[in-house]
Amino acid sequence: MSEYSVVEGQKSVKKSPSVNETLEDYTLRYAPYSFRRWGAATVAITALGGIAYLADFSIGASIGMTYGTTNALLAILFAAIIIFLTGIPLAYYAARYNIDLDLITRGAGFGYYGSVITSLIFASFTFIFFALEGSIMAQGLQLGLHIPLWLGYLVSTLMVIPLVIYGMKALSHLQIWTTPLWLVLMIGPVLYLVWQQPTLTDQFFSFQGKNGTTGADLASVMLGAGICLSLIMQIGEQIDYLRFMPAKTPENSRSWWLAVISAGPGWVILGALKQAIGAFLGFYLLTLTPGINSTEPVQQFNAAFHQMLPGGFALTLAVILVVISQIKINVTNAYSGSLSWTSAYTRVRRHYPGRIVFVLINLAIALALMEGDMFSVLGNILGFYANFAIAWVTVVAIDIAVNKYLLKLSPKLPEYRKGMLYNVNPVGMIAFLAAAGLSIAAFFGLLGPFLMPYSPLIALVVAAVLTPIMGLLTGGKYYLKHTDDGIAETRYDVSGSPVSTLYHCVACQQAYERPDVLYSTHHQGVICSLCKTLH
Ligand SMILES: Nc1ccnc(=O)[nH]1
């Protein structure tokens, strides 16, 4: 096979939307060396910039109000431990091999089409949270500017459209330098409150919630944790940045690991802290002005700022904090969601429709949820959603940690290219379907009232146990259909790092680094993974 060429110069041709949009930041592809110019610390700080969202405060307040402080804090802790542990293999793999969660999932148990389901789960994450964060923003607009909620929902949806289409670059800069400011605004007033009213913390710790349970109660802890665990999917967004990590070398090993762990699974440390603060502020608001919805972050911050600042100023600051945080996170939600939809659609229909249409679809679903007042049932929606998210993330984490590294049943190096993978790999698919199916059945009480609160645990345990069992039963046969992609050079060097040699794609006429190309008999030459998908 001598038809393919290693590239020197780049031809200039009219590019299709699939080429233009996916080369912008290598979405749906391997992120090449040429695009990974940042240091480990810069990647990590940027990745953590995305977690200034406010849903945590609502979640924390909501479980604190319902199950009491002790159970809420235990729930937050339990969920955080699960999220942290499952996040480690995912973050490592993404940073080591420079691919996103969608591409990882294909080769980590699901197969080329199997992972279409998980793309849809990720898209659901983005529209559910878009609706939740948008509702929080609308509450801010209502309190600060007297805009009615229905209109606030509409405003918070429509305003992200121009930003997603034109402003992603500008926003990622905004992301970095605003993060320290958010931390001060979020944590400062709480510390002040605790310092000023020392008895408040004692009252908080003995608060029993609506259900009035005394002390720790396992079922309440699990119900609360189920809600927090809907955020297990956040690792997908952390990975979207971590895939831009520089190659791991013996020299940078320590700073590399530090960046991967802190910006990967480490996100949940800040997340859990925000949830605990939410529970605290929710409780404070309840004692201060009963009757106000204490799960609304704008109310929480308005009350907290009031301790330190004159009234009008406190309200203004609370509204600014809410509106800016929510614009930032919802631009990310709209953008990531559109990518997931695109990835699913492109694989199934072999046609790249452009991302904008999916931005609009995702927003339409989110707006419908908001107008349907999802905020008042947020616990139910998140608890339901969490079952799917836990099942998926656990299967992939266990496939990497156990099937790949421990049992060596699953190929260690990543594979996501069409034609190289089986359409469906029973390992991940069966483990996922069993885990999600059983946990949803439990969630709706079909397995009896006793098991109802334990659905997140069922999703976790079934996925963790079945993934290696299915790997052993199938002998790992369905991970790779082919091992030879028709090109002599290997994709990864002896140390396991991606090989940077450029190849010319005969279909889209662009240069791609070695991991992203393969030989196509149909094209009589080397093509890139996305052209292969579209073929
Ligand atoms: N990734 C996200 C986490 C929390 N809230 C969001 O809107 N998005």
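Aspartate 56 and lysine 274 pair up in a salt bridge, with their closest N and O atoms 3.2 Å apart (the term needs a side-chain nitrogen of Lys or Arg within 4 Å of a carboxyl oxygen of Asp or Glu). This one joins distant parts of the chain: aspartate 56 sits in helix H3 (residues 55–67) and lysine 274 in helix H14 (residues 267–288), 218 residues apart. Helices here are DSSP runs of H or I with at least four residues, strands are runs of E with at least two, and both are numbered from the N terminus. Aspartate 56 is buried at 0% relative accessibility, and lysine 274 is buried too, at 7%. Buried means under 20% relative accessible area, exposed means over 50%, and partly exposed is in between, using a 1.4 Å probe and protein chains only.

A word on what you're looking at: this is a predicted model, where local features need pLDDT of at least 70 and side-chain atom pairs count only at pLDDT 80 or more, while totals for chains, interfaces and linings use all residues. Residues are numbered from 1 along each chain as its sequence is written, and side-chain values use heavy atoms, with hydrogens and water left out.

## The other bridges and a network

In total, the structure holds nine salt bridges. Another of them brings lysine 404 and aspartate 399 together at 3.9 Å, N to O. Lysine 404 is buried with a relative accessible area of 4%, and aspartate 399 is buried at 0%.

Then there's glutamate 415, which bridges to arginine 491 with the closest N and O atoms 3.3 Å apart. Glutamate 415 lies in the loop between H18 and H19 and arginine 491 in the loop between H20 and S1, so the pair ties together parts that are 76 residues apart in sequence. Glutamate 415 is buried at 8% relative accessibility, and arginine 491 is buried at 9%. These two also belong to a salt-bridge network, made up of Glu415, Arg417, Asp485, Arg491 and Arg514.

## Aromatic pairs

Now for the rings: a search of the whole structure turns up 30 aromatic pairs. Rings of Phe, Tyr and Trp (its six-membered ring) pair if their centres lie within 6.5 Å; planes under 30 degrees apart count as stacked, over 60 as edge-to-face, and the rest as tilted. Take tyrosine 97 and tyrosine 492: their ring centres are 5.5 Å apart and their planes sit at 85°, so the pair is edge-to-face. Tyrosine 97 comes from helix H4 (residues 69–97), and tyrosine 492 from the loop between helix H20 (455–474) and strand S1 (502–504), so to speak a link between distant parts of the chain, 395 residues apart. Tyrosine 97 is buried, with a relative accessible area of 1%, and tyrosine 492 is buried at 7%.

Phenylalanine 384 and phenylalanine 444 make a tilted pair, because their centres are 5.8 Å apart and their planes are at 55°. This pair also links distant parts of the chain, with phenylalanine 384 in helix H18 (residues 378–406) and phenylalanine 444 in the loop between helix H19 (426–443) and H20, 60 residues apart. Phenylalanine 384 counts as partly exposed, at 33% relative accessibility. Elsewhere, Phe122, Phe125, Phe129, Tyr385 and Trp392 gather into one aromatic cluster.

## Charges over rings

Two charged side chains are worth a look here. Arginine 36 has its charged end over the ring of tyrosine 33, 4.5 Å from the centre, and lysine 248 lies over the face of tryptophan 256, 5.9 Å from the ring centre. A charge sits over a ring if NZ of Lys or CZ of Arg is within 6 Å of the ring centre and within 35 degrees of the ring normal.

## Where H16 meets H17

Residues of H16 that meet H17 include Gly337, Trp341 and Tyr345, and among their H17 counterparts are Phe358, Asn362 and Leu363 (contact means heavy atoms within 4.5 Å).

Aspartate 373, in the loop between H17 and H18, has a positive phi near 60° without being a glycine. Aspartate 373 is partly exposed, with a relative accessible area of 37%.

Glutamine 524 is another non-glycine with positive phi, at about 55°. Glutamine 524 is found in the loop between strand S3 (517–520) and strand S4 (525–528) and is partly exposed, at 46% relative accessible area.
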